[in-house]
Amino acid sequence: MAEIKNIAPSEHHDYQGSKMGMWLFIFTELFLFGGLFLVYAVFRTQYSADFHKAAEETNTFIGTLNTVVLLISSMTVAMSITAIQSNQKGRAIRLLLVTLVLASVFMVNKYFEWGHKFELKLYPGSEVLTNLPKGELLFFGLYFMMTGLHAIHVLVGMILLTVTIFRIKSGHIHTGNFSMIENSGLYWHLVDLIWIFLFPMMYLIT
Amino acid sequence: MSHSETHPQVSYLEYQGKYKGILGWLTTTDHKRIALLYMYCIVVFFFVAAILGLTMSIEKMRPGQDIMNAQTYNGLFTVHGIIMIFMIVIPGLAAVFGNFALPLLIGARDVAFPKLNLFSWYLYVIGAILAVLSQLLKGGAPDTGWTFYVPYSAGSSTNVIWALTAAFILGFSNILTGLNFIVTIHRMRAPGMTWFKMPLFPWSLYATAWIQVLATPIVGITLLMVIAERVLHIGFFDPALGGDPVLFQHLFWIYSHPAVYIMILPAMGVITEIFPTFSQKPVFGYGAIAISSLAIAFVGYFVWGHHMFTSGISYWSKWFFSFLTFIVAVPSAIKVFNWISTMYGGSIQMRPPLLYAISFVFLFMIGGFTGLFLGALATNVQLHDTTFVVAHFHYIIFGGMGFAFFAAIHYWYPKMYGKMYSDRWAYIAWGFTFVGFNLLYFPQFIIGVQGMPRRYFDYLPQFQWGHMLSGFGAFILLIGLILMAWNLIYHVKRGAIAPANPWKGVTLEWQIASPPTLENFEEIPVIKHNPYWFGTEEEIKREKKSVTRNT
């Protein structure tokens with residue numbers, strides 16, 4: 001990048017700059033989850049037998065379903081960015097709405113999944129859970145903390161996408177200025193990416 | 001921009017946007033105003049925490065209970081630590097002087113994301129309010145120490161959750177500032193300012209910002225895990241629930257050791273700006289200083305284990321962390337040599353900023369060398385958790401970051417307010433501060449070696465002489481701080497008008513009006529020389545001759 005291209009952004013919207021900011025923010029999110037991944041790795045090594053047993057409790061079907069749902073939603077976000085770039089406003093909004101519906105499906109599945117665990121009295125602090133072997137206890141601690149934190153990120157992502165829809169409607173986002181939809185899209189992919197790691201760790205590796 | 005054309009002369013202090021008065025400040029997105037907002041908060045909290053520190057010193061002047069009981073004392077050192085660390089030294093220089101000077105130094109009109117900048121100030125205020133509430137609410141001030149070590153912090157009945165949440169939010173504010181600075185430095189340097197034509201304070205802010213962005217989330221999630229432990233009984237760190245307390249220490253120090261460099265790197269950056277200006281000479285070893293900032297940030301990421309030599313980690317990890325701790329001292333030493341060499345052969349003007357900068361080097365050296373005692377495995381076992389550690393990190397944090405803050409405020413004050421403070425009072429305040437500081441902390445090295453533990457409310461009579469001296473030092477130090485604050489506050493209104501360039505500095509901020517206009521530069525400058533270019537050799541010779549004639 002030639003240095004002379006540095007333009008004072010008070011005069012120009014700095015497309016590169018805002019994207020760079022978003023990437024940095026995504027780094028911080030990855031490190032936030034990274035701390036939990038580290039804790040998972042430590043305890044998985046320490047209590048591998050207990051983790052094996054506890055992971056069989058998780059519902060692989062719902063997990064797989066949610067993975068598919070999130071992957072499709074990532075695709076629809078990407079498609080809506082392409083739609084904005086080719087000036088198809090209506091199509092972009094429709095695609096974002098589909099994304100929101102998919103995100104809601106994810107959350108509803110999550111609700112039933114967690115609800116089932118609560119029915120089995122497998123919630124943090126419950127007597128059943130506390131009496132389990134230490135490793136299983138920690139597995140469920142991690143399960144609730146990681147999927148819970150991820151669910152919060154899904155909600156934040158949904159809010160961001162909703163704001164984006166309104167900004168498209170009001171004409172703030174258009175073919176000439178689409179960094180906001182791109183950044184919300186990046187955030188949504190992050191939510192997806194973290195899930196792609198959570199899914200095998202919690203559901204597949206038993 | 002249109003408004004700057006209609007009021008070309010109005011400074012950022014007088015400029016009126018959409019709102020007037022206080023609301024104009026609270027809704028501002030101007031980096032200079034946000035810097036001042038940060039500064040006012042930080043100064044107020046600094047005095048609060050300093051007074052807490054003073055009461056601790058008074059309590060310890062005699063053995064046994066004097067003015068408070070042991071639980072209050074535990075609360076005081078925790079509160080003192082939380083306020084000083086999370087609200088003052090970590091954001092301190094970057095949020096105040098980074099915000100103020102970074103865009104000026106790189107020839108930009110503002111930071112990359114001005115609204116985000118204001119947002120991070122609000123986060124700071126929310127975090128600060130929570131921290132203050134944790135002290136006042138029913139349940140009692142948290143008594144865990146600022147490190148929140150589990151399992152105690154998971155069990156203590158005091159307001160630990162409030163303090164944890166406060167630290168989490170303050171960390172988030174910090175991340176956003178760092179993010180903003182990285183993008184600003186990448187995208188908004190003036191045309192022609194290549195990376196190696198960038199002044200060195202931005203270099204140090206750049207290194208700092210990366211630590212802020214990459215390390216802070218780790219402490220964020222760690223604090224969340226402790227909150228989960230208290231609220232939801234998810235026992236990642238509680239042995240009774242299968243967790244591991246040493247794991248907490250690892251996660252905590254993975255952030256909190258690099259945080260030491262978040263504190264000290266901008267301080268080094270400020271000092272690097274001051275030495276060339278007051279020596280009227282280009283900085284010695286520009287490249288070495290720039291690269292050593294990055295080296296400190298990088299190596300500083302991998303030394304956290306030296307806080308845990310007595311916590312039960314393996315022999316090889318101790319060896320490894322100790323080795324890296326010695327390595328990280330090298331780039332710091334490089335900087336010290338460069339500062340001293342910058343003065344060599346220069347025309348030195350001993351004005352208050354330089355005096356503070358030299359004191360910084362002196363105190364930082366003591367802090368740095370005693371750090372090596374602690375980094376060495378054998379001596380660490382003897383010195384761990386004694387007042388030697390307290391003295392060491394106060395020499396680094398207060399003697400380093402604190403004195404750099406004083407140097408910075410005396411350096412950029414004319415630019416901030418367009419006024420000059422009294423040099424005479426600045427020297428007097430310096431005298432009290434410097435003497436008080438050393439009297440307060442130096443005896444703690446000695447009684448620490450003799451075995452005085454830190455965080456203890458009571459002690460054996462043979463340590464009394466040290467605590468007594470510390471107590472007197474605390475009073476003298478506070479007098480110095482009050483004098484300094486008075487000198488600066490008084491002259492905002494009544495000081496002499498400052499010229500645009502009172503110190504004959506050559507970096508960009510001195511080429512514009514004092515105080516600057518809203519958008520800093522009428523026209524964005526085009527950079528041709530390195531930042532510390534004092535003219536051609538001919539020009540410098542002529543200047544030197546005229547100086548000798550005049551004196």
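A residue counts as partly exposed when its relative accessible area lies between the buried limit, under 20%, and the exposed limit, over 50%. T72(B), with a relative accessible area of 39%, is therefore partly exposed. The model is predicted. Chain A has seven helices and zero strands.

**Chain A: overall build**
- The elements of chain A run α-α-α-α-α-α-α from the N terminus on.
- The C-alpha trace of chain A spans about 65 × 40 × 25 Å along its principal axes.
- Chain A has 206 residues, and 50% of them are buried.
- Take the contacts in chain A with a separation of 6 or more: residues 24 or more positions apart account for 82% of them.
- The accessible surface of chain A is about 9,500 Å². Carbon and sulfur atoms hold 68% of that surface.
- Chain A carries 13 positive and 13 negative charges.

**Interface of chains A and B**
- On the chain A side, 37 residues are in contact with chain B. On the chain B side, 41 residues take part.
- The size of an interface is often given as the accessible area lost when the parts come together.

**Salt bridges within the chains**
- Side chains of opposite charge can pair when their charged atoms come close.
- Over all chains the count comes to eight salt bridges.
- One of them joins E182(A) and K19(A), at 3.6 Å from N to O. The pair links distant parts of the chain: E182(A) sits in helix α7 (residues 179-204) and K19(A) in helix α1 (residues 15-46), 163 residues apart.
- E182(A) is buried because its relative accessible area is 12%, under the 20% limit. K19(A), at 26% relative accessibility, counts as partly exposed.
- The side chains of E136(A) and K53(A) also meet in a salt bridge, at 3.2 Å from N to O. This pair too links distant parts of the chain, with E136(A) in helix α6 (residues 134-169) and K53(A) in helix α2 (residues 48-55), 83 residues apart.
- E136(A) is buried, with a relative accessible area of 5%. K53(A) counts as exposed, at 51% relative accessibility, because the exposed class begins over 50%.
- In chain B, D66(B) forms a salt bridge with R62(B), and their closest N and O atoms are 3.2 Å apart. D66(B) is partly exposed, with a relative accessible area of 30%.

**Cis peptide bonds in chain B**
- V150(B) and P151(B) are joined by a cis peptide bond, with omega about 0°. P151(B) has its place in the loop between α6 (114-136) and α7 (152-155) of chain B.
- S514(B) and P515(B) are also joined by a cis peptide bond, with omega about -15°. P515(B) has its place in the loop between β2 (496-497) and α18 (537-550) of chain B.

**Positive phi outside glycine**
- N87(A) is not a glycine, yet its phi is positive, at about 65°. N87(A) is found in the loop between α3 (60-85) and α4 (89-119) of chain A.
- N87(A) counts as exposed because its relative accessibility is 57%, over the 50% limit.
- D385(B) is not a glycine either, and has a positive phi of about 60°. D385(B) lies in the loop between α14 (377-383) and α15 (387-417) of chain B.
- D385(B) counts as partly exposed, at 38% relative accessibility.

**T72(B) and its distance to L105(B)**
- T72(B) lies in helix α4 (residues 70-89) of chain B.
- T72(B) and L105(B) are 33 residues apart in sequence. In space they are 45 Å apart, C-alpha to C-alpha.

Definitions and conventions: Residues numbered from 1 in each chain as written. Chains lettered and ligands numbered in written order. Predicted model: local features only at pLDDT ≥ 70, side-chain atom pairs only at ≥ 80, totals over all residues. Heavy atoms only, no water. Helix = DSSP H or I, 4+ residues; strand = E, 2+ residues; numbered from the N terminus. Buried < 20%, exposed > 50% of the residue type's maximum accessible area, 1.4 Å probe, protein only. Contact = heavy atoms within 4.5 Å. Areas by Shrake-Rupley, 256 points an atom, 1.4 Å probe, with all protein chains shown as cover. Lys, Arg positive; Asp, Glu negative; His and termini not counted. Charge placed at Lys NZ, Arg CZ, Asp CG, Glu CD. Salt bridge = Lys/Arg side-chain N within 4 Å of Asp/Glu carboxyl O.
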